[in-house]
Structure formats: C-alpha cells, structure tokens
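I opened this entry to keep track of what I looked up in the structure. The notes run in the order I made them.

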Amino acid sequence: MKLWSTICAATLLLASASAATLEAEDAAKAPRRDDVVVMNFDEDDYGDWTIEGEAFGAAPAKGTLPGQMTVSGFAGSGLANTFYQGDKTQGKATSPEFVIERSYVNFLIGGGGVPGLSFDLLIDGEVARTATGPNLNPGGSEALDWATWDVSELQGKKCVFRIVDEATGGWGHINVDQIAFSDKRRAGMQHEREMVVEKPYLLFPVKQDDTRSYWIKIEVDGVVVREFTTRLALATQPLSPADYNACVDMSPWLGKTCKFVVEKADEDIDFAPITFSDELYGGAASYDEKYRPQFHFSPRFGWTNDPNGLVYYNGEYHLFFQHNPFGVIWGNMTWGHATSPDLLHWTERGDAIYPDELGTIFSGSGAVDVNNTTGFQTDPNGPAPLVFMYTYNGPSMRYGNPASQALAYSLDSGKTLTKYEGNPTLPHIVGGNRDPKIFWYEPTQRWIVALYLDGEDYALFESKDLKSWTELCRIEKLGCSECPDIFELPIDGDDNNRLWVFWGGDGKYLLGKFDGKTFTRVTEPLNTKWGGNDYAAQSYSDTPGRRVQFSWMSGGEYPGMPFNQQFTVPRELSLATTPDGVRLRIYPVEEVATLRDEEVELEREPKDGAAIYRATKGETNLDLLDVELEIGQGDLPKQFSISLRGKKIKFDVAAQTMTYDGIVAPCAFGNGLSLRLILDRTSIEIFANGGLSQISACFVPEDENAAPVLETRGLTELDAKVWTMKSVWNVKN
Ligand code: FRU
C-alpha cells in the first residue's frame, strides 16, 4: 500500500498521451455547435424514413415489445426495435439524405450482433460505417449503449442511414435510437498506452468499491493476449485498504512492446500507475490482515471459488483455484496456482491459465500422465507430464463461444502450464456443461472424465490420450449440480471390499460400482456435509493410499479485505460401515495436527447447569484452535450444548441431531460422541464421530472476543483437549 501512495502522487502530474485523448483535446478547442438530430424515433410514425419488410412494425416501438426481455437505455419515448413479432421478421429502414456537417455521429445501439443485422452509414450507396448490437448468445442484455462514428474525413459528403434486419434466429433483431451529428464524441473512448514488458509481472491498481468496471485488453503484436474487466483505480480516486495492485503475468512477452487498452472510458485514464515487477504482486503480501484465515488457504489478492487441478507430484501438492485476479468479486475466471509440501503451507505461484477467445477458465481437474499417453513428454528423462482438463466458459467472453472442455499440460512439474493447441477437446454438448474431473482407469488403460451436463445430470466419457472422448454413460438426477468427483475407496480400510463414490457440487453423493464403462448406483443420493459454507469440493489425484479433498467455503464474508473467500482444511475421505449402511466420512488430514502449538490448560468454573472453561496460561492466539473431545455414552444427557469461543453447537440425543447457527445435521450418539473442532479466524469446522457428520461454516469475527475457550450446558464433565494453532503464513512468501 505504501507503494501506491507514491504512485498516485506521481500520476496526477502525468497526462495520458493516447491518440483518443489528443483527439478529444483538439475537439475541445473548437467552438461547439448544437447537434443535428437525424432521428429520435419518438414520433408515432417513421416520418420520411422508408420502411421495408415487417420487422419495424408500422411505427417506432415505445420500448419493450411482446415476448422481449426488458429494453432499457433508449432516449425519449421510442426507438427503432426490430423485434416486432419476434426475431423471425425481417426488414429495412432507410433515412432521407443528409449532408455530413459535424465530425461525429452519435447513436444508441443494442440488440443482436449476429450476421444479417447492421446499422449503416452509406455514401454513394456504399457502406462507409457500420455497427451492430452486442449480443450473440442466449442470455445477454437488451440495454442500448452509446456508440460514436468519427466522420470528420467525410464532412461535406451526402449520406444515408440504414437499419438492416435480415436475421431470423436467436438475437435476430437490432435496436437503434437517437442518431445525431455532433461536434462531440458521445461514446466512451478507447484509451491506450504502449509499454515495453521489461519485467514479467505487470501491476496496476484496482478498486473494490462500486467504481465502474472497464473492459481492458493487453495486445502484443496486434494480438489480444490478455482480456478482462476490472474496476480500474483512476489517479484521482483515493485508495482504500481493500484496493490492491492486480498482477498480470506477461513473462511470455518479456522484452516486447505491449499495448494496454481501456475501452469505452468517459474519464481520462492515467497509465502512470502501471509498473512492471520481477516479483508476483510486486512482492506485496501480508497474510495477516484483520480477516485473513491463518491456516486455511485464501488467495493473496482477489476472489476465489472452486479448488481446481488438484494433483500431487514429486513431493508437491498443487492447488489451482478459480481466481478473479482483478477484483474481490466473481469474474474473469482464471486458474490461480499455489504449491505446498504438506497441504498447509502454501506458496502462491501466480496465475496459471488465463482466459482467451474460447472463454474464461472455469473449473477442472489435474492428474499425472505417468504413461505419457498424451505424447507431450519428449524428454524421457524429464518429469512426467502433468495434465489438466478445464472448462472454457465461452459465453462469458465477447466472442460468445459455447461452453466446451479443454486440455493443458505442464512439462516442468507444474511450474508453467501450456494450453493444448487442439482445444477444445470435448466440444459443447448441452447448456453450460462443465467442471471435468479426470482419472486414469488402469484396467481398461483409459482416461475417464466425469462431466457436469445440465440440470442435475452428469456423464462419464473415456479417452486414450485426453484429446478425443467417447461418452460412456449418464448419471442423472443426483439432486445437485456442477463439480463432479469420482473415486473408489475401501470400506472400513479393507482393500478387498471397495465401492465407488460419485460426488456432486453441493456434496450429494452416490455409492456405486464402476466397471470402466458404466457407473451403477447402489444407493440413492446421500449427504455427508451439512455446512453453510462448503461447496464445489474436489479431491486430489495421485495421492497414493488416501483420498484428500479441499472444499470452497462458499459465501464467507471478509469485509474490507483485498481478497475474498477461503477453502476448508484439507480433509481425508473414507468409507465406514454404520447402522444405516456404508457412509462417507470427511475428516481433517493428519497434517492438520502438526500445526498444534501449545496445549491449552483449562480451568473449570461451574455456573448453574453450565460450566465455563478458561485458559489459565494467557495464550494469545485463542482465535486459532484445534479441539478434540469425547463424551461417553453413559454421560450423555438428552440435550446439551458446547460453545467454542462463543460459537455454540447444540446436540439433541433423542432427535439425533447437532445444530450450529441454524444448520441441522444428523448425528448418531450410539457410541457416545467424539467431536473435533477446528477454529480459524473466520471459520469453524465441526466433525462429529470421525467425520460421519460434518458442518463447515464461516463468520466475521467480533473485534474483541472475550468468550471463554469452552462453555458447556447440560454436561457434568468434559474430556477435552485444546491446542492453539500456528499460522501457516509465518514464513512470508
Ligand atoms: C461452481 C462453479 C462451477 C464453475 C465455476 C465458475 O462453484 O459454478 O460450476 O466451473 O464455479 O467459477
């Protein structure tokens, strides 16, 4: 943040030298005349315009037409809207002749951008300027926006305006309004600055309030290499602690000249705060902000949601994650990357897969291609290829491709990822199909991918080389959507007795059998996680002997922080036989206990029907705790509660439930109760009976939490062990 104040003081003095700004300055010097309005479509007919076909109706529309999404952003009381009787109608509207007497034509435009639609300026019957609406795909918006043509070189010429609708399919209509000749450009301008990529990381400040968002492009040799939207911090805006320097990896273009382009900005853009650095984020990292989880992963800056590409290779756990590098809200989905030797101490490695014209980078998975089935490994003595399959969310980019699945690989143990040139490898099937989870199935020597299709349906596919896929079977009506996982586990640790687990985004799972072709369910959808903040979990590939999962603690709040969202502790999955049948258990991996610092000595203070347990030694980090406690069956009252630093968990033995903050989870008390509680600065994870029942929840901590370590009601005795936990961020990255 110190860096920023210096930068900002300097930027106020520097004017942008972009072509657009110079043009604006020239225009500002000339005396300004009134606009010449060509057409505002506010009358009850099209006046002297010639109308052909049906698409325009008999008169300008007064706004939204029947069956249309709400049309907004037009001026006055009407507009040309070719949705008359739907997308299928066609037509043409042509203006009388005008002489061009100003430098600009401003107009409002919206609707479709598909072939057959256009708003044109014709000179001698030839199209001299043309525009369309922005929409290509289902969804989108019916809002009109300003556009401007620079017609200075055409001044004095005669022209005609024409609106064409020859499109009949989806988004087969165009909306135009408020056409006027003007001395002043109305649409936001493009601002650009060329700079040499002198160091690998490009940094620029982003704001986190409701400052307007801009489309930004970074071009090298005329090709767009990075593209995103962000709330750019302009020089005149004061920065808050939540604002941060976003970091773009430009290392592939070191030494080249890049062009930083800000689209459609009404304000002047100051490029001076942009710097280059050898270090990720210019070395900025504190990890001890007020609401920073101390032993749960959260990204240094920006937003995260799902864990992605979880793979273990050569002593390193890779954690890729859905990342918005350019803000603390969801968007610009990119794969962030961190590595750890122990699933706890993470080093961020910078973003690994950036969006491109095929789409933003949605969730996916990773594995080690031990047999080099992909053929990517050319050096037989080099590391095995790490392979990653991810979703391109096409519709989120302006190119509007459908969602598809793609491949990336690494030949340097995960340091750098390369997108496969033949992408997409699994073209669009249906809806927003996404979140491929791959694994190698030894008996058939095939890769298998579990893919989310649409609704509550999933499918499995097989491939020899991860590059082309054949569908195997569908797994329908799971009771949830998104983020599948599939793996086989021994029951009660018996390797000769195994079942497959098929898992969906919110933690519903099926137990079943898989023979390399078909998944056959042996249970209905079951549930094992009951968290208020627990979604889109994914398990690691290539961790022999155990199945380890991270989950996104979706929906946690981190007010005023330059990051947003965190993951759960890493947890091990296993299958256990219970009176209800075989069930999945979720429990912290054994490494979590290595973070225990001191065992807290507790002093019991009885208090009518309750007991308060305070720490006797005055430990300081009582906001980071690991607790184990056991209650024998004979000691169980009908109802009781246990509070950890004021976070209350209620148990109802008759109802067989545990309740935390309104979340009710089933809980068996047949063998008494064993409980593991993991408390970090902004989260609590509750594991009952070895993880057969589990709640993960986030909170915003109070400023001064004076609550005792433990407080019980209804229990006479408590056999608890409590440890303070070490922060994993002691070692600065
Ligand atoms: C789940 C999810 C995925 C998608 C990703 C996008 O949280 O919606 O289905 O791939 O997040 O960020």
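**A glycine to start**

I began with G366, which is found in strand β23. Strands here are DSSP runs of E with at least two residues, helices are runs of H or I with at least four residues, and both are numbered from the N terminus. This is a predicted model, in which local features need pLDDT of at least 70, side-chain atom pairs count only at pLDDT 80 or more, and totals for chains, interfaces and linings use all residues. Residues are numbered from 1 along each chain as its sequence is written, and side-chain values use heavy atoms, with hydrogens and water left out.

Is G366 buried or exposed? G366 is buried, with a relative accessible area of 0%. I use buried for under 20% relative accessible area, exposed for over 50%, and partly exposed for in between (1.4 Å probe, protein chains only). I also checked a distance from G366.

**Overall form**

I then looked at the whole chain. It holds 2 helices and 53 strands. The C-alpha trace spans about 95 × 60 × 60 Å along its principal axes. Of the 733 residues, 56% are buried.

I checked the loops next. N423 and P424 are joined by a cis peptide bond, with omega about -5 degrees. P424 sits in the loop between β26 (418-419) and β27 (434-441).

N332 has a positive phi of about 50 degrees although it is not a glycine. Its loop runs between β20 (316-324) and β21 (334-340). N332 counts as buried, because its relative accessibility is 13%. N372 also has a positive phi of about 50 degrees without being a glycine. N372 lies in the loop between β23 (360-368) and β24 (386-393). At 21% relative accessibility, N372 counts as partly exposed.

**Salt bridges**

How many salt bridges does the structure hold? I found 32 salt bridges. The term means a side-chain nitrogen of Lys or Arg within 4 Å of a carboxyl oxygen of Asp or Glu. Side chains of opposite charge can pair when their charged atoms come close.

I took E153 and R129 to begin with. Their closest N and O atoms are 3.7 Å apart. E153 lies in the loop between β9 (145-150) and β10 (158-165) and R129 in strand β8 (residues 126-131), so the pair ties together parts that are 24 residues apart in sequence. E153 is exposed at 63% relative accessibility, whereas R129 is buried at 18%.

K259 and E219 came next, with closest N and O atoms 4.0 Å apart. K259 is in strand β17 (residues 257-265) and E219 in strand β14 (residues 214-220), so this pair ties together parts that are 40 residues apart in sequence. K259 is partly exposed at 22%, and E219 is buried at 15%. Both residues belong to a network of salt bridges that links E192, K217, E219, K259 and E263.

I finished with K290 and D703, which meet at 3.0 Å, N to O. K290 lies in the loop between β18 (275-277) and β19 (302-313) and D703 in the loop between β51 (693-698) and β52, so the pair ties together parts that are 413 residues apart in sequence. K290 is partly exposed at 46%. D703 is exposed at 62%.

**Surface charge**

Which residues form the positive surface patch? I noted K607, K648, K650 and R713. Patch members have over 30% relative accessible area and no salt bridge, with like charges joined within 9 Å. R713 lies in strand β52 (residues 710-713) and is partly exposed at 38%.

A negative patch gathers E630, D635, E717 and D719 on the surface. E630 is placed in strand β44 (residues 625-631). E630 is partly exposed, with a relative accessible area of 47%.

Notes
Patch = residues over 30% accessible without salt bridge, like charges linked within 9 Å, V, L, I, M, F, W, Y side chains within 5 Å. Areas by Shrake-Rupley, 256 points an atom, 1.4 Å probe, with all protein chains shown as cover. Lys, Arg positive; Asp, Glu negative; His and termini not counted. Charge placed at Lys NZ, Arg CZ, Asp CG, Glu CD.
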